[in-house]
Amino acid sequence: MPHHRIPGATRGSVRRRTAFPVLAAVAAVVFLAVWVAMDFPPLSNGDSDAISRSGDPGWSATPATTVTPAAPSASTSASTSSPASPSSSASPSPSVDPDQALSDQLAPILKATTASLSVAVLDVEDGDGADYGVRAGKTYDTASIVKVDILAALLLKAQDQGRVLTALEKKYATSMIRVSDNASADALWQAIGGAGGLDAANERLGLTATTGGSGALWGLTQSTAADQLVLLSAVFGDDSDSPLGAGSRTYIQGLMGGIAADQDWGVSAAGTVTGLKNGWLPRSATGLWDINSIGRIVADGRGYLVAVLSSGSVSKEAGISLVEKAAKTAVAVSASGGSA
């Protein structure tokens, strides 16, 4: 049977057609190998979601960079976020400075007067305190609050001599503290050696800004509320470092706890008083008043030592009102940790 030739076909062309599928297969293998080596993404099977979201094919021939996922929206995070860890909780607000808080709270009180104040308070439970108006070189006339200091100096002197107070000294001390008798203060001022004796005793007690009045003028002893707080701590504290022995402290506390009813004002307005001594002095040169109050009070079950010294009040009554407002404010600030 005669052979039929495929038109236009030769052996060479047949061999080329036969070889083409083989070459195509080899090319496909090489192409896939290059694709894998360059870390291209798999060929899509018709999914164009990446392009439709960003307009970018989603890959690049350059090394990929890490992209931080966008933060979830408020609605998403509200429904999907896990409970916050301790480290992600809100930071506590900075603590309030007690001295600044006291200054802020006293501002409206002082705005209503031309008098000046020195105020100090100490929480005897935790030792926290605050003060106002205590500046280097600024002191106040003590008036009769110095009588507590005079008695402390007398007791230190008796301790040094290894004796107890005489009956006459006790009589003077009782009248001097409980009814603020000036003649009794005169006698004991001499007994301690006047300003020199007071200053020596105060050095031992830890007072650093108090100076005894000259001559017989014990009422013009200069001091600050902060120094008076040191004195009160020596009297009412149980610190074994106090130079006053336990018997001496108890004796002063007893007298300060029995103040005459007509003198129950001042820091006692801030709570239940357990020890008190007030001072008042009209200044002849100006006609203005020095009004002072020191003591220990209890408010809401906590004990506080409070000292308020003032000068420049237009009357005794105005000065007492000012001192009582300052005492209440100081205790309130201390009780609230400086946030009152």
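Here is a short tour of a sheet, the helix on it and a helix pair.

You're looking at a predicted model, where local features need pLDDT of at least 70, side-chain atom pairs count only at pLDDT 80 or more, and totals for chains, interfaces and linings use all residues. Residues are numbered from 1 along each chain as its sequence is written, and side-chain values use heavy atoms, leaving out hydrogens and water.

Start with the open sheet: five strands in the order β2-β1-β7-β6-β5, paired antiparallel. (Strands are DSSP E runs of at least two residues, helices H or I runs of at least four, numbered from the N terminus; two strands pair if DSSP finds at least two bridges between them.) Select 129-132 and 272-282 next: these are β2 and β5, the edge strands, each with a single partner, so one side of each has no neighbour in the sheet. From one strand to the next, the twist averages 5°.

Zoom in on β1, residues 116-123, which four bridges join to antiparallel β2. Pick L122, and you'll find its bridge partner in β2 is G129.

Last stop: select 225-236 and 246-256. Helices α9 and α10 pack here at about 110°, axes 8 Å apart. Between them, L232, A234, V235 and F236 of α9 meet R249, I252, Q253 and M256 of α10.

Note on methods
Axes are lines fitted to C-alpha atoms, for helices over the stretch in contact, and angles run from 0 to 180 degrees between N-to-C directions. Contact means heavy atoms within 4.5 Å.
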